[in-house]
Amino acid sequence: MLNQINKISDRALPLVGDDIDTDRIIPARYLKAITFDGLGEGAFIDDRKALNGQHPFDLPQYQGAKVLIVNRNFGCGSSREHAPQALAKWGIRGIIGESFAEIFFGNCVAMGIPCVTAESAIVRQLQELVTADPQALLTIDVENLQVQIHDLTLPVFMGQGTKTAFVSGTWDACGQLVANAVQVTAVASQLPYIAWGFAN
């Protein structure tokens, strides 16, 4: 079954600042990991240490929040898959921002993390609303390209191809293989260079 993503609804946390790069999201020393397990603990670890518990990822009111609200050019710098993996392992399931670095955005799509963009004034408004009310439920409506919080409905943007991939579930490459296992096996059995795998 394909993993369709139409909406993400949860509490949110604001992370203010432009050009937050992947080395800040997860420092290079964490790239030695063989798997992505445990990467969540390293998310923003250097920034968090520098702020001595005052980083949004450490503040008690944002613990468990699954939507991240960022500003311009989020995820720039090195093209490391570990950055969105660290966010996912932390618990982030959707991101709203002014703009995203292209490779970071692509890695998020491949992992099923919708990244929607909005005008800077809307992003700032959302950050302020969440700061004032950390318990507020925020919904990213991928299908209708809207964000809802309190009684507000605000427009967001995502390219049509990416939106279709989330809504249809085709973002999930592994899911597509599993859903089409019979056809995959049938085609594979006809390939001469792997026919030995089907021999008895």
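This is a predicted model: local features need pLDDT of at least 70, side-chain atom pairs count only at pLDDT 80 or more; totals for chains, interfaces and linings use all residues.
**Entry 1: charges and overall make-up**

How many positive and negative side chains does the protein have, and how far apart do the centres of the two sets lie? I found 14 positive and 20 negative side chains, with the two centres 5 Å apart. For this tally, Lys and Arg count as positive and Asp and Glu as negative, while His and the chain ends are not counted. I placed each charge at NZ of Lys, CZ of Arg, CG of Asp or CD of Glu.

Residues are numbered from 1 along each chain as its sequence is written, and side-chain values use heavy atoms, with hydrogens and water left out.

Of the 200 residues, 45% count as buried (buried is under 20% relative accessible area, exposed over 50%, partly exposed in between, with a 1.4 Å probe and protein chains only). I also checked contacts (heavy atoms within 4.5 Å): among those between residues at least 6 apart in sequence, 68% join residues at least 24 apart.

**Entry 2: the sheet**

Which order do the strands of the open sheet take? I read β1-β6-β7-β8, four strands with antiparallel pairing (two strands pair if DSSP finds at least two bridges between them). The edges are β1 (7-10) and β8 (152-155), each of which pairs on one side only. From one strand to the next the twist averages 15 degrees; axes here are lines fitted to C-alpha atoms, for helices over the stretch in contact, and angles run from 0 to 180 degrees between N-to-C directions.

Helix α5 (residues 120-132) packs on this sheet and touches β6, β7 (146-149) and β8. The direction of α5 makes about 150 degrees with that of β8.

Next I went through the pairs. Four bridges hold β1 against β6 (residues 138-141) in the antiparallel sense, and Lys7 has Asp141 as its bridge partner in β6. Four bridges also join β7 to β8, where Gln148 stands opposite Thr153. Their hairpin has two residues between the strands, and His150 takes a positive phi near 50 degrees there.

**Entry 3: Arg48**

Is Arg48 buried or exposed? Arg48 counts as buried because its relative accessibility is 12%. Arg48 sits in helix α2 (residues 45-50). Residues up to four places away aside, Arg48 touches Gly40, Glu41, Ala43, Gly53, His55, Phe57, Asp58 and Trp90.

**Entry 4: Ala101 and helix α4**

Ala101 lies in the loop between β4 (94-97) and α4 (102-111), and its relative accessible area of 15% makes it buried. Beyond neighbours within four places, Ala101 is in contact with Asn73, Phe74, Gly75 and Cys76. Arg72 is 29 residues from Ala101 in sequence and 9.0 Å away in space, C-alpha to C-alpha.

Which residues of α4 are buried? They are Phe104, Asn107, Cys108 and Val109. Their cover includes α1 (22-25), α3 (82-90), β4, β5 (115-117) and α6 (160-168). Just after α4, Gly112 takes a positive phi of about 80 degrees.
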